[in-house]
Structures are given as C-alpha cells and as structure tokens.
Amino acid sequence: KDQAAPRISVIGTGYLGATHAAAMAELGFDVIGVDTDPYKVAELTEGRAPFFEPGLPELIRSNVAAGRLRFTTDLAEAVAASDVHFICVGTPQQSGSFAANLSYVEAATRGIAAALTHDALIVGKSTVPVGTGARLRAIVAEAAPAGVDAELVWNPEFLREGKAVDDTLRPDRLVFGGTSERSEALLRRVYATPIADGTPVLIADLPTAELVKVSANAFLATKISFINAIAEVCDAAGADVALLADALGHDTRIGRQFLNAGLGFGGGCLPKDIRALMHRSGELGAHAAVGLLQQVDEINMGRRQRVIDLALQALGGSVLNRRIGVLGAAFKPHTDDVRDSPALNVAAALHLRGAQVVVYDPQARGTAQRLFPTLGYAESKEEALAGADLTVVLTEWDEFTGADPAALRELASGGTVIDARNCLDATAWNAAGWTVLGMGRVPAS
Ligand code: UGA
C-alpha cells in the first residue's frame with residue numbers, strides 16, 4: 001500500500017457526503033466520514049445507507065469490510081487522522097428567505113480549522129452562493145492553529161440522486177477552484193482514477209468554481225421550465241409536447257435530456273439552488289439573472305397548479321370527499337427523497353381541498369409519511385387505486401409505467417388518469433378503458 005496516499009475525511013454524510021466517502025474509499029483511500037447525527041453514523045457503520053440510493057449500501061459495506069472506510073461523530077479525531085477534508089454538508093433554503101443557509105458550511109469549516117493538527121487541504125463540495133469560499137477562507141485563517149498550513153479550495157459536485165454512485169466514480173468533469181500548484185497536484189492524486197479514465201479537469205478561480213455548480217442547476221431548471229412553457233402552448237394549440245421534445249432533441253445543440261414536460265422539478269437541489277442564485281444575483285446587482293430565474297421558478301410552480309386544476313376538472317369542479325389514488329411521492333424515481341417533491345405537494349393540496357387522498361410510492365412512503373402524516377398511504381398501487389374516483393400519476397416509477405392498465409382499471413371506480421409526468425403509454429391505457437389526461441399532450445384516441 002502506498003504509504004504517502006492522502007488520507008481523507010468527509011464532513012457530512014447525506015446523499016453527497018455518504019456517496020463521496022464510499023467512492024473515495026472505493027478508489028483506494030483511507031476515508032473517515034463524519035456526521036453530527038449518531039444514528040446516521042451507526043447505520044453507515046453497519047453498512048446501511050440512511051436513505052435509498054441504488055448501489056450505495058453495497059459500496060459502503062465492501063469498503064467498511066476492507067478497512068478503508070469508517071464513520072464517526074468525532075470531527076476532531078477525523079481531522080487529526082486525515083490530510084484532505086471534504087465539506088459535504090447541506091445548504092438548505094433559509095426559512096423566510098430565498099437565501100441559502102450557510103450555517104452548516106461555516107460550522108464545518110470552523111470545526112475543521114480549529115481541529116487541525118498538521119497541514120491540510122480543505123475542499124468545499126457543498127453547493128454555495130458565489131463569494132462563500134472567500135468568507136470561509138477568512139474563517140480558516142482565524143480558526144486554524146498557528147504554524148499549521150491550511151488551504152481552502154472549491155470542487156463542486158454534480159451528482160444526481162438515484163445515480164449518485166456512478167456520477168461520483170465517473171463524473172462528466174472535475175472543477176478545481178482557487179487551487180495553488182500544490183493543492184491542484186493533491187486533488188489530481190485524489191481523482192487520479194477518473195482523470196486516467198478521461199474525465200476533463202477545469203482549473204478555475206474560487207468564484208467561478210462556485211458559480212459553475214449553481215449555473216449548471218439553473219440551466220437544467222431553465223430547460224425544464226422552457227419545455228413546460230411550451231407544453232402550455234401545446235395544450236392551447238392541440239399540439240403534442242412529447243413529440244415536439246423528441247424532434248427538438250435531435251438537434252445536438254439542444255439535446256433530448258431534461259426536456260420531459262410535466263409536473264416540473266423538485267428535490268433538495270434545483271428549487272433551492274435557483275432561489276439562492278436569484279437572491280445572490282440580486283445582492284450583486286445582476287438583475288437579468290433575477291428576472292430569468294423568477295420566471296423559471298414561476299413556470300415550475302404553475303405546473304403543480306395545472307395538475308390540481310386537471311383534477312378539479314376531471315371530478316366536475318370539486319374534489320371534496322372524492323377518493324383520489326396517487327401514484328408517486330418521491331420528487332423523481334429511484335430515490336426516497338421527498339424534499340420539495342412536486343408529487344407530495346400536489347397530493348397535499350388535493351387533501352386540503354377535501355379529497356380522500358391515498359398515496360403509494362415504491363420507496364418514499366416512510367419519508368412522505370413523516371412530512372405529511374395526515375395523507376392516506378397504501379402498501380401497493382392496487383390498494384391506492386381500489387375504489388378511486390380519480391387516479392393521478394405524479395412520479396414516473398417503472399412500477400407505474402410498466403403496470404397492466406387493464407388490471408388497474410378493474411380496481412378503480414373512475415376511469416380517468418392524470419399522467420402528470422407524461423410517462424404512461426397513453427394508447428395502451430386508452431385501450432384498457434382509461435381516459436388519459438397528459439400535460440401538453442394530444443389526448444390518445
Ligand atoms: C440535480 C442535478 O441534476 C445534479 O447535477 C446536481 O448535482 C444535483 O441536483 C445537486 O445539486 O446536488 P437531482 O436533484 O438529483 O440532481 O435531480 P435531477 O435528476 O436533476 O431532477 C430534478 C427534478 O427535475 C426532478 O423533480 C425531475 O422529475 C425533474 N425533471 C427532470 C423534469 O421535470 N423533467 C426533466 O426532463 C428532467
């Protein structure tokens with residue numbers, strides 16, 4: 001074993017940190033994951049991920065067993081035992097504001113700096129407003145013990161939930177922000193495997209690196225809101241947005257990805273990141289960005305209302321005391337994450353209007369139930385649809401797109417399904433006796 005290999009600590013073991021820690025261990029490094037939550041640390045130590053992420057439990061288990069990966073609540077111990085410290089804590093939306101809450105990032109930075117016993121590299125991965133790194137450098141300078149050389153750089157992360165392991169081991173690109181010659185060389189060692197596999201490295205200054213990440217998410221959000229705006233035109237004009245997206249997507253300058261119209265984006269990243277960028281752009285006096293992102297957000301939130309309107313329309317103007325079978329609670333398939341989930345938001349809105357809402361999700365039932373305990377929950381899609389006056393598909397899980405529409409039609413009382421993700425084979429569902437209401441789609445006949 002290479003004795004000089006840098007030892008790694010990862011602060012924060014959420015979707016980002018747990019995956020990053022396991023991936024770094026998989027690349028052969030000694031890694032310590034740190035979290036303030038003893039429950040998470042205990043779960044991870046046992047080789048269980050505290051959330052659903054395909055492939056992650058296996059990666060954690062094999063690397064814990066190999067002795068390369070461990071978890072602790074003791075930040076000082078982890079810092080003393082490592083050379084490169086990755087900050088992977090959350091930056092949620094602040095309550096009562098669009099600004100990002102930087103208290104976790106600041107606390108992690110201060111905690112690392114204060115605990116340093118030898119020279120180290122501190123690497124920010126969390127998504128932060130541009131300008132944060134400079135502030136954190138001041139914290140490091142103030143909190144680090146005298147005689148210890150601590151450098152802080154930014155290396156944004158672009159992983160998607162549901163594909164986190166693959167995105168981390170095989171990223172599209174690596175961005176190193178604010179690095180010196182020495183820290184760049186150290187990061188190149190840490191990422192030697194993906195770099196050898198051809199992953200491009202971009203060396204940037206600190207603010208550019210911070211801004212790359214939020215711009216990437218803002219662009220993806222804009223792409224989704226663009227196609228959703230066109231979906232509204234399609235609805236008004238009797239055109240089909242799914243066909244249109246396929247045709248647009250053949251233009252390689254546009255590309256087909258992130259052109260699925262429907263219920264719009266949610267999750268712990270895109271919504272809060274465009275809002276934080278809106279807020280920060282306003283602070284910086286960059287008003288064009290504020291206006292653009294405001295529109296993107298408004299179009300996106302309007303999609304939730306569009307589904308509620310379709311439900312009201314389908315049930316003759318009121319959902320009061322009508323039974324609605326809801327398929328999907330997660331903000332997208334292959335995750336149990338319900339943070340800012342458009343699906344749960346719509347389910348809750350229908351519930352507030354007096355509907356008897358029964359939700360089924362293959363993975364997110366537990367997380368959904370914690371957030372919205374007053375909704376009804378089912379153990380299966382069949383149970384959710386039994387006796388339903390209306391069926392609403394809000395997350396495009398394979399279990400729903402691959403379901404037998406004829407079998408489901410027998411269970412439901414009403415024959416209308418709102419396909420809020422444009423994910424069903426409308427012709428097949430039609431043939432099985434369903435009326436399918438899509439989002440910007442010509443009704444199948
Ligand atoms: C997003 C980015 O894709 C990642 O690159 C980034 O690293 C991550 O945020 C982050 O900042 O941590 P994620 O939130 O996991 O990843 O989910 P996405 O796959 O981007 O989906 C976001 C939302 O957009 C979902 O609600 C999805 O249903 C929706 N979406 C996506 C659409 O409505 N239409 C599409 O065509 C694509």
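**Entry 1: helices α10 and α13**

I began with the residues through which two helices touch, and I noted that Ala218, Ala221, Thr222, Ser225, Asn228 and Ala229 in α10 meet Leu293, Val296, Ile299, Asn300 and Arg303 in α13. Sorting this contact of α10 with α13 by class, I wrote down six nonpolar, four polar and one charged residues. I remind myself here that the model is a predicted one, and I keep that in mind for every entry that follows.

I then looked up how the two helices are set against each other. Helix α10 covers residues 206-237 and helix α13 covers residues 287-314, and they pack at an angle of about 55° with their axes 9 Å apart. That angle makes α10 oblique to α13, and I recorded the crossing of α10 and α13 as left-handed.

**Entry 2: the shell around the ligand**

Which residues come nearest to the ligand? Of the 22 residues around the ligand, I found that Glu161, Asn260, Phe265, Gly267 and Cys269 come nearest. The elements that give two or more residues to this shell are α10 and α12, the latter spanning 270-284.

By class, I listed the shell around the ligand as ten nonpolar, seven polar and five charged residues. Turning to domains, I saw that the shell draws at least three residues from domain 1 (8-204) and at least three from domain 2 (213-295).

**Entry 3: the domains**

I looked up the domain assignment of the chain, which gives domain 1 as 8-204, domain 2 as 213-295 and domain 3 as 302-437. How far apart are the centres of domain 1 and domain 3? Taken over C-alpha atoms, the centres of domain 1 and domain 3 are separated by 37 Å. There is a contact between these domains, and I noted that it takes five residues from domain 1 and seven residues from domain 3. On the side of domain 1 that touches domain 3, I recorded three nonpolar residues, one polar residue and one charged residue.

**Entry 4: helices α1 and α3**

I next checked helix α1, residues 15-26, against helix α3, residues 56-65, and found that their axes come within 9 Å and cross at roughly 50°. The helices α1 and α3 are therefore oblique to each other, and the crossing of α1 and α3 is left-handed.

For the residues involved, I wrote that Ala18, Thr19, Ala22, Ala25 and Glu26 in α1 meet Leu56, Leu59, Ile60 and Asn63 in α3. The contact of α1 with α3 divides into six nonpolar, two polar and one charged residues.

**Entry 5: helices α5 and α6**

My last pair was helix α5, residues 103-115, and helix α6, residues 132-143, which pack at an angle of about 30° with their axes 8 Å apart. Is the crossing of α5 and α6 left-handed or right-handed? I recorded the crossing of α5 and α6 as right-handed.

The contact is made on the α5 side by Val105, Glu106, Thr109, Arg110, Ala113 and Ala114, and on the α6 side by Thr132, Leu136, Ile139, Val140 and Ala143. By class, I noted seven nonpolar, two polar and two charged residues in the contact of α5 with α6.

Key
Residues are numbered from 1 along each chain as its sequence is written. This is a predicted model: local features need pLDDT of at least 70, side-chain atom pairs count only at pLDDT 80 or more; totals for chains, interfaces and linings use all residues. Axes are lines fitted to C-alpha atoms, for helices over the stretch in contact, and angles run from 0 to 180 degrees between N-to-C directions. Helices (H or I, at least four residues) and strands (E, at least two) are DSSP runs, numbered from the N terminus. Angles under 35 degrees count as roughly parallel, over 145 as roughly antiparallel, 65 to 115 as roughly perpendicular and the rest as oblique. A crossing is left-handed if the near helix is turned anticlockwise from the far one by less than a right angle, and right-handed if clockwise. Ala, Val, Leu, Ile, Met, Phe, Trp, Tyr, Cys and Pro count as nonpolar, Asp, Glu, Lys and Arg as charged, and the others, Gly among them, as polar. A residue is near a molecule or strand if its C-beta atom, placed from the backbone, lies within 6 Å of it. Domain bounds come from an automatic or database domain assignment.
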